[in-house]
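Have the sequence and the 3D view open as you go.

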Amino acid sequence: MNKIIKGDKVIVIAGKDKGKQGEVVKVLGDKIVIDGVNVVKRHQKPNPMRGIEGGIVVKNMPLAISNVAIVNPETNKADRVGVKLIESDGKVKRVRFFKSNGSIIGA
């Protein structure tokens, strides 16, 4: 189970965008794409077969997952994440929790 998943609110803790917050759009193994963070301009050739216009395109580039931390909504600060097993209805589930206060993420 990944400690950071799509839809989580994260804060950048290292790099040129340090301090920026955003929502995770995509997880790519050890990299993640965050909405509005690590934005670059790229030149794109037109492709009429695909209906793509040419020009300068603004897009979000991936960041290393080690450079971000999940935001705890109670404290609105960066926090570490742990994984623990919880048994309910005879089934064992893996859940993520904040290390600072022990509250379960997404519950």
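**Exercise 1.** How many salt bridges does the structure hold?

*Solution.* Keep in mind that this is a predicted model. The count comes to two salt bridges. Start with D8 and R96, whose side chains meet with an N to O distance of 2.7 Å. A salt bridge needs the nitrogen within 4 Å of a carboxyl oxygen, so this pair qualifies. Next, take D17 and K20: their closest N and O atoms are 3.3 Å apart, and they form a salt bridge too.

**Exercise 2.** Are D8 and R96 buried or exposed?

*Solution.* Both D8 and R96 are buried.

**Exercise 3.** Classify D17 and K20 by their relative accessibility.

*Solution.* Buried means under 20% relative accessible area. D17 has 10%, so D17 counts as buried. K20 has a relative accessible area of 40%, so K20 is partly exposed.

**Exercise 4.** Describe the secondary structure of the chain.

**Exercise 5.** Compare the chain with a compact globule of 107 residues.

*Solution.* Such a globule would have a radius of gyration near 13 Å, whereas the chain has 18 Å. Now turn to the principal axes, along which the C-alpha trace spans about 55 × 30 × 20 Å. Finally, check burial: 26% of the 107 residues count as buried.

Notes:
Residues numbered from 1 in each chain as written. Predicted model: local features only at pLDDT ≥ 70, side-chain atom pairs only at ≥ 80, totals over all residues. Heavy atoms only, no water. Rg over C-alpha atoms; globule rule 2.2 N^0.38 Å. Buried < 20%, exposed > 50% of the residue type's maximum accessible area, 1.4 Å probe, protein only.
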